Amino acid sequence: MVFSSFEFLFRFLPVFLIIYYLTPKKYKNLTLFAGSIAFYTIGEAEYIILLLGCVVINYVLARLMYRHDTEGRGTRQKLLLILALCYDFGVLFFYKYSGFAEELPLGISFYTFQIAAYVIDVYRGKVPAEKAFVRLGTYLTMFPQLVAGPIINYADVRGALRDRTVSAEQFEEGIRLLVLGLAAKVIVADRIGMLWNNIQTIGFASISTPLAWMGAFAYSLELYFDFSGYSLMARGLGAMLGFEIPVNFRYPYIAKSVTEFWRRWHITLGKWFREYVYIPLGGNRKGKARTLLNLFVVWALTALWHGADYNYLIWGASLLFLLFLEKLVLLPFLEKSRVIGHVYLLFVVPLTWVAFAVEDVQQLAVYFMRLFPFFGTTGGTINPLDYVQYLDDYVPLFLLGILFSTPLPAALYRMFEKKWFGSVVVLVIFGLSMYYLSVSVNNPFLYFNF
Amino acid sequence: MLKYRVTLLVLLTWAALSAVGYLGKDTIYKNYKTDPAKTPYFVLVFEGIHDGIYPWSGQGNLDELWDDYEILSFLTGEGEEMQQADGEAKEPGENMPQETQATEEAPAVREFCEVDESYFDDAVFIGDSRTVGLRDYGGLDKATFYATVGLNIYDMWTEKFCEVDGEKVTLEEALGQRQFGKVYFQIGINEMGRGNLESFMQQYAMSVQKFRQLQPDAIIYVQGIMRVTKEKSDADKIFNNEGICARNDRIAQLADGQTVFYIDMNDVVCDGQGNLRDDLTFDDLHLLGSKYGIWVDFLKTKGIRPQE
């Protein structure tokens with residue numbers, strides 16, 4: 001059940017919210033836990049055991065770590081930590097990389113990272129092991145962020161898990177975020193994504209170079225609005241339940257370097273790798289060579305986390321190359337520049353996304369030959385003016401996407417957010433989202449015409 | 001109260017539009033299907049808006065909107081001929097049925113022959129996105145194309161989609177301005193979820209008659225609708241090869257072997273089971289840009305020599 005479905009928004013969510021608000025405070029976690037399990041079961045019943053197993057095992061192992069407040073960090077704690085991590089990452093590895101499993105259990109990449117962070121934090125003494133099973137279960141399975149993040153640290157929501165209230169303002173803010181996130185997905189991402197779909201239908205071998213570039217930009221915008229829209233919806237849902245879910249995207253496309261871009265893109269994942277891999281390895285405190293090695297480890301794991309296919313390795317390697325280049329040479333120059341940094345970023349990042357998008361490495365090579373035709377020809381039938389029609393069709397969406405990739409609309413919105421006008425704007429956006437969702441959901445063929 | 005402004009507005013909109021959808025579900029929205037367990041009734045309202053049906057649209061003009069074929073016959077004033085054409089189409093027969101009107105001596109069926117690319121210089125191709133693909137990737141630079149994505153049999157005579165001298169005009173206007181030697185026609189996948197086989201064929205036969213009127217000397221090729229892949233066909237209740245074949249069988253009956261010919265590109269793009277080959281398509285529905293040559297080569301085997 002995706003957030004941008006009628007089933008979720010107008011069936012599951014209202015029913016759940018009514019039950020949730022009627023539940024006495026003491027049992028709210030239980031309701032949320034049960035609701036999340038229902039949410040997961042509707043989506044993918046067969047892996048619910050895996051999710052619950054993850055909660056049980058980590059709950060037990062964390063509880064065993066420090067049985068008394070006075071107990072210090074020793075071998076037993078270390079062994080328990082290793083055991084927990086082996087189990088968590090072992091399961092992830094089995095389903096994601098071993099090739100034995102047919103499909104990836106819903107949300108496993110995200111919840112594995114959350115629970116691993118939890119046991120590491122318990123081991124480090126940063127947080128005490130959670131004594132209430134329901135509380136830990138509520139944390140890990142919480143449906144707003146279960147499927148695709150943001151990755152939340154237990155420490156950040158520990159307080160809210162114990163005691164939380166939902167004020168009128170919070171709920172209202174939640175609805176706003178939910179609507180805006182939904183709009184990002186259905187008004188921008190899904191529609192500009194059709195260009196990428198068209199390009200695949202034509203076949204990479206047959207697209208003109210301008211169309212290849214349009215495709216790279218369209219995919220970049222699609223990915224951003226899809227993922228950041230989803231994260232925004234998660235934040236909205238969290239607010240409606242009384243949780244503060246962290247910001248996951250901060251206008252990544254206005255960055256002036258790839259280094260900065262990745263501090264603004266999927267922030268909670270970057271934070272996870274920094275906190276649990278990069279810094280434990282020594283971060284940048286052990287000399288330049290060690291820093292580069294640490295970066296290498298982080299990016300190898302980041303690439304692997306996204307998927308086991310070759311194209312993700314190529315994607316990760318290209319990012320690593322750019323990060324090295326920036327760290328060693330470019331960064332001071334890029335940061336000082338007013339224009340070059342932006343131009344550079346908007347040139348290289350879409351190229352890395354193409355590698356991210358195209359799983360078949362041969363096809364990826366073909367795409368790059370179309371992007372840079374001087375590398376060689378692909379032998380397809382190319383219509384050199386194919387982009388003209390697409391330019392006509394997609395320019396408004398591109399402009400919309402570019403505008404909303406900057407902080408300008410949000411700044412403008414903040415000026416009248418609390419006024420009637422602001423509420424009406426949100427309502428209009430809601431109506432438009434419902435329109436696009438309606439015409440695409442029941443009959444995709446009205447939408448994706450032949 | 002003011003603290004909940006957006007919440008209230010959203011809830012009110014949801015309730016109001018759902019009421020409209022619910023009240024109209026058996027009247028103005030009767031042709032849309034919903035599953036109330038999964039979708040709210042307001043979806044009907046938006047779907048209607050998309051198709052030009054507004055909550056305030058009266059029942060009267062809606063019947064017109066829905067019965068597309070009636071609208072068309074009304075517009076073109078050819079109701080009677082149309083029925084006749086339909087009767088003709090129902091006659092059993094193979095690819096080349098005999099004339100329905102009893103003729104003393106049926107002239108011999110004209111045979112196909114190999115032709116080169118210049119054969120298409122005076123041809124016009126009419127159709128949906130598949131024909132658009134042929135235009136863009138088929139390399140037939142001298143042929144004329146009146147095709148647009150999403151074109152369907154019910155709207156093809158009312159929609160202004162033909163570009164003539166930089167202006168968009170209706171098909172009737174476009175065909176009225178220039179005489180072509182051949183008319184290639186392939187349509188029928190977009191409207192599979194709309195109307196039924198009979199309404200489709202009625203409309204189709206009428207369109208062929210209209211070509212005949214507007215292009216009295218042209219050879220008319222009615223092309224079988226290209227099938228979809230097995231994966232798509234098996235998974236889709238509407239857009240499947242069973243439905244396509246049913247239509248193609250009927251389209252084939254329109255051929256007379258004299259000036260109207262049925263050709264079926266499925267012969268060269270399908271596998272042994274009659275499904276579109278996987279390696280020719282990404283989306284299970286369209287040929288990849290680099291594969292349109294197969295269609296062109298097929299067309300080159302279906303030339304008709306001018307009569308002595």
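Predicted model: local features only at pLDDT ≥ 70, side-chain atom pairs only at ≥ 80, totals over all residues.
Entry 1: Chain A brings 35 residues to it, and chain B brings 36 residues. I then asked which elements of chain A give two or more residues to the side that touches chain B. They are α1 (6–22), α9 (168–202), α19 (420–441) and α20 (444–447). I sorted that side of chain A by class as well. I found 16 nonpolar, 13 polar and six charged residues.

**Entry 2: chain A overall.** I counted 20 helices and zero strands in chain A. Its C-alpha atoms fill a box of roughly 70 × 55 × 45 Å along the principal axes.

**Entry 3: helix α4 of chain A.** I picked α4 (residues 75–96), which has 22 residues. From first C-alpha to last it reaches 31 Å, close to the expected 32 Å. Which residues of α4(A) are buried? I noted Leu80(A), Leu81(A), Ala84(A), Asp88(A), Leu92(A) and Lys96(A). Down the axis of α4(A), these buried residues fall within an arc of 130°, so they line one face of the helix. They pack against α3 (48–65) and α5 (108–124) of chain A. On the other side of α4(A), I found Thr75(A), Lys78(A), Ile82(A), Cys86(A) and Gly90(A) exposed.

Notes: Residues numbered from 1 in each chain as written. Chains lettered and ligands numbered in written order. Helix = DSSP H or I, 4+ residues; strand = E, 2+ residues; numbered from the N terminus. Expected span 1.5 Å × (residues − 1). Buried ≥ 20, exposed ≤ 12 C-beta atoms within 10 Å, placed from the backbone. Arc of directions from axis to C-beta. Contact = placed C-beta atoms within 7 Å. Nonpolar A, V, L, I, M, F, W, Y, C, P; charged D, E, K, R; others polar.
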